[in-house]
Amino acid sequence: MEEDSPEEFLAEFKEKHLGAWGIVQITAGTGLAVYGMWAGVLMPGFRKVPLRLQVLEAHKHGFGPTVGYELNPWLVRLANFHAWRAGHYGKVSYRQEDLWKVDLTECKNVTVFLAPSVLSLLQEKMEAELPDDALVVAGRFPFTEWTPCRIEGDGVDRAWAYTMQAQRLPAGSAVLPVPKRVEITSLN
């Protein structure tokens, strides 16, 4: 059996008429491809928890400056839209940057919503760069090697708060309370 060259295949394809069934097949295939892109790339940014655990909430509670980092340009645009809709556009900043290249040494409050496989790497970065008085809030997935000073919510709406000073204490030391300047609101 002889295989057609790409040129022969295209010439044969151009001579055929698609008809209604061919158009339905192309439309269905395109729809599945678009849905696959939506489900894999965009939909996670529209879920309930990430939208509630964003820099807008930090800004609303008086924390600043508030900056969000995201690689996906669509999610950066979505976040800017939400800031505009909430009346906070220009007061918060969303940057399309790689979090691993961002200097965290001046950050005092960090909120993360990342997959568990990435949290251990981020934990190392934060231990190396964040000051002792920094507070870290993790949504949906906790830092497994850290001891939280506060836990809020249930199920997928759960958030864990950690003080960097407590994470740097020797094992078995007393855990420090959440600083008075911090208010973690329930995600429900």
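Q: Which residue forms a salt bridge with Asp132?
A: Arg168 does, with the closest N and O atoms 2.6 Å apart. A salt bridge here is a side-chain nitrogen of Lys or Arg within 4 Å of a carboxyl oxygen of Asp or Glu. The two sit 36 residues apart, Asp132 in the loop between H6 and E4 and Arg168 in the segment after helix H7 (164–167). Helices (H or I, at least four residues) and strands (E, at least two) are DSSP runs, numbered from the N terminus.

Q: Before we go on, what kind of model is this?
A: A predicted model: local features need pLDDT of at least 70, side-chain atom pairs count only at pLDDT 80 or more, and totals for chains, interfaces and linings use all residues. Residues are numbered from 1 along each chain as its sequence is written, and side-chain values use heavy atoms, leaving out hydrogens and water.

Q: OK, how many salt bridges are there by that rule?
A: Five. One of them pairs Lys108 with Asp133, closest N and O atoms 3.1 Å apart. Lys108 is in the loop between strand E2 (93–95) and strand E3 (109–112) and Asp133 in the loop between helix H6 (116–129) and strand E4 (135–139), so the pair ties together parts 25 residues apart in sequence.

Q: And what does Asp154 pair with?
A: Arg158, at 3.4 Å between the closest N and O atoms.

Q: Is Asp154 buried or exposed?
A: Exposed, because its relative accessibility is 54%. The cut-offs are under 20% relative accessible area for buried, over 50% for exposed and partly exposed in between (1.4 Å probe, protein chains only). Arg158 is partly exposed, at 27%.
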